[in-house]
Amino acid sequence: MKKIRSLYEELLEKHGLQGWWPVNNSYKPGDYSTPRNEKERYEVILGTILTQNTSWENAGKALNTLRKEKLIDPEKIMRTEEKKLAGTIKSAGYYNQKARYVKNITEFYDSLKGRTPGREELLGVKGVGKETADSILLYAYKEPVFVVDKYTERLLLREGIISGKENYDEIQRIFTESLEKDYKLFNEFHALIVAEMKK
DNA sequence: AGCCAGGCTACCG
DNA sequence: CGGTAGCATGGC
């Protein structure tokens with residue numbers, strides 16, 4: 001197995017410390033303290049839905065609108081009519097689907113009562129697939145879960161580490177078997193992958 | 001002007 | 001079951 005660890009060192013050398021979750025946050029390189037409270041946690045969770053197959057810019061605009069409407073609040077989202085919610089997040093694309101997904105994840109989030117969810121129960125929420133579940137665990141709950149996305153797959157393809165036939169869990173295992181389970185490391189590694197692959 | 005952006009579900013064979 | 005159409009805006 002080509003050294004995943006040395007790949008990390010190379011990327012860090014090339015790009016420097018990045019940060020965490022790039023949608024609408026004044027994060028600083030090397031600062032992994034966010035989310036600092038439940039409101040920020042919930043905002044990150046909304047961001048994971050809004051950014052599905054969508055540019056961060058468009059997802060960020062939708063998040064800004066939600067913020068302006070004071071809707072970064074589970075109770076308010078649940079009280080907002082789905083049609084209206086869809087209009088509010090229009091710029092994120094797929095707004096009808098995502099309005100439904102936002103409702104679903106909000107109901108689930110509320111039912112947790114502050115508890116950290118498991119991956120399987122997250123996957124039980126309609127609108128939450130593997131990448132979204134893992135993004136929620138890593139970025140909202142600081143769990144040491146490696147997030148696999150298009151950039152991750154493209155990088156491993158480029159490096160000849162995978163053939164392209166591997167599934168999500170197999171790709172994820174390549175990272176978790178080679179690295180200590182540290183959410184800051186997983187967070188930074190993924191940010192570096194994006195810095196490397198985003199043209 | 002068409003292609004692409006950190007996916008996911010439902011449905012098809 | 002593995003494969004894929006549909007969902008949609010905004011930036012280039």
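Q: Which helix gives the most to the surface near DNA strand C?
A: α6 does, with three residues. "Near" requires a residue heavy atom within 4 Å of the strand, and helices are DSSP runs of H or I, at least four residues, numbered from the N terminus. This is a predicted model: local features need pLDDT of at least 70, side-chain atom pairs count only at pLDDT 80 or more, and totals for chains, interfaces and linings use all residues. Residues are numbered from 1 along each chain as written, chains are lettered from A and ligands numbered from 1 in written order, and side-chain values use heavy atoms, without hydrogens and water.

Q: Which side chains have an N or O atom by a phosphate oxygen of DNA strand C?
A: Lys 61 at 2.5 Å, and Tyr 95 at 3.1 Å. A polar contact is a pair of N or O atoms within 3.5 Å.

Q: Switching topic: how much space lies in the largest pocket?
A: About 800 Å³, the volume filled by probe spheres set on grid points joined across faces, edges and corners. A pocket is an open set of points on a 1 Å grid over the protein atoms alone, where a 1.4 Å probe fits, with protein on both sides within 12 Å along at least five of seven lines; lining residues have an atom within 4 Å of a point.

Q: Which residues lie nearest its centre?
A: Of 29 lining residues, Thr 51, Trp 56, Glu 131, Asp 149 and Tyr 151.

Technical notes
Polar contact = N/O pair within 3.5 Å; in protein donor to acceptor, adjacent residues only side chain to side chain. Helix = DSSP H or I, 4+ residues; strand = E, 2+ residues; numbered from the N terminus.
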